[in-house]
Amino acid sequence: MAYPIRIGVQIQPQHADYAQIRAALAAAEEAGVDIAFNWDHFFPLYGDPDGKHFECWTMLGAWAEATSRVEIGALVTCNSYRNPDLLADMARTVDHISGGRLVLGIGAGWAQRDYDAYGYPFGTAGSRLADLADALPRIKKRWAQLNPPPTREIPILIGGGGEKKTLRYTAEHATIWHGIGAPATIAHKVQVLDAHCADIGRDPAEIERSAKVDVPPEEVADELLAAGITLFTVSTSGPDYDLGLLKSWLAWRDSREA
């Protein structure tokens with residue numbers, strides 16, 4: 001399966017009023033972005049740790065109404081914060097509101113402040129990964145039981161690079177993998193993912209590969225393409241939501257399609 005080159009943006013819901021977030025979303029869609037993400041945290045990850053911040057899934061419901069073309073999702077949902085069956089129903093609902101444009105991004109979770117402040121047991125990396133392994137089939141099972149069902153087979157994006165577990169779960173359940181790191185690191189993780197696919201008898205070409213990019217395309221695009229990446233995601237934070245780097249990646253995408 002050959003995937004088109006796509007450009008994503010992560011509009012981080014921190015250090016901004018919601019009107020600024022919504023304006024950034026509208027500007028990104030107008031510019032031609034393929035998918036818009038937020039993230040699933042309760043406090044800013046950098047800058048003032050007690051700065052302005054908004055919740056992920058409430059926002060995605062609003063984004064479903066505020067957009068008309070782009071796919072939307074979290075990069076990524078923390079599995080620990082919601083019962084998996086509830087999360088499946090939330091995703092199905094946003095899928096319908098958006099007309100079939102939701103991507104369910106999900107990961108095991110790591111931000112201890114979120115857990116402590118909101119009363120979730122932090123556990124260990126191993127226990128959080130075990131919870132994710134339990135949640136993924138439950139989510140799929142709940143989708144099959146809901147009335148009405150999702151409008152499409154909702155894509156599952158798994159974020160993370162853990163080679164023994166996270167990439168194994170990706171091979172078993174995901175339609176998109178998202179990684180972070182230098183091109184050489186990404187290339188290695190892709191090889192590990194492919195090996196897990198071989199172990200379970202899955203065609204690795206069924207999984208779209210995504211990476212975070214924080215430099216202009218001329219610096220990393222060729223190496224990431226060679227590693228199999230076709231979805232390139234730029235992050236931007238409030239209050240200003242500078243889309244300059246995003247637009248350079250959009251221009252690069254369009255130049256390859258010309």
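Before the first stop, one definition: a residue is called buried under 20% relative accessible area, exposed over 50%, and partly exposed in between, with a 1.4 Å probe and protein chains only. The model in your viewer is predicted, so local features need pLDDT of at least 70 and side-chain atom pairs count only at pLDDT 80 or more, while totals for chains, interfaces and linings use all residues. Residues are numbered from 1 along each chain as its sequence is written, and side-chain values use heavy atoms, with hydrogens and water left out.

**Stop one: two positive phi angles**

Select His15, in the loop between β1 and α1 (18-31). Helices (H or I, at least four residues) and strands (E, at least two) are DSSP runs, numbered from the N terminus. Phi of His15 is near 60°, a positive value in a residue other than glycine. Is His15 buried or exposed? His15 is buried, because its relative accessible area is 18%.

Now jump to Tyr241, in the loop between β9 (231-237) and α9 (244-257). Tyr241 is not a glycine either, yet has a positive phi of about 50°. With a relative accessibility of 6%, Tyr241 counts as buried.

**Stop two: two cis peptide bonds**

Select Asn147 and Pro148: the peptide bond from one to the other is cis, with omega near 0°. Pro148 sits in the loop between α5 (125-145) and β6 (156-159).

Next, pick Leu75 and Val76, which are joined by a cis peptide bond with omega about -10°. Val76 belongs to the loop between β3 (71-74) and β4.

**Stop three: the largest pocket**

A pocket here is an open set of points on a 1 Å grid over the protein atoms alone, where a 1.4 Å probe fits, with protein on both sides within 12 Å along at least five of seven lines; lining residues have an atom within 4 Å of a point. About 640 Å³ of space lies in the largest pocket.

**Stop four: a surface patch**

Finish with Leu45, Tyr46 and Trp110, which form a nonpolar patch on the surface with about 340 Å² of accessible area together. Leu45 is in the loop between β2 (35-38) and α2 (56-66), and counts as partly exposed because its relative accessibility is 35%. Such a patch joins nonpolar side chains (Val, Leu, Ile, Met, Phe, Trp, Tyr) within 5 Å, from residues with over 30% relative accessible area and no salt bridge (a side-chain nitrogen of Lys or Arg within 4 Å of a carboxyl oxygen of Asp or Glu).

Terms used: Patches are made of residues with over 30% relative accessible area and no salt bridge: like charges are joined within 9 Å, nonpolar side chains (Val, Leu, Ile, Met, Phe, Trp, Tyr) within 5 Å. Accessible areas come from the Shrake-Rupley method with a 1.4 Å probe; for residues, only the protein chains shown count as cover. Grid points are joined across faces, edges and corners, and a volume is the space filled by probe spheres set on the points.
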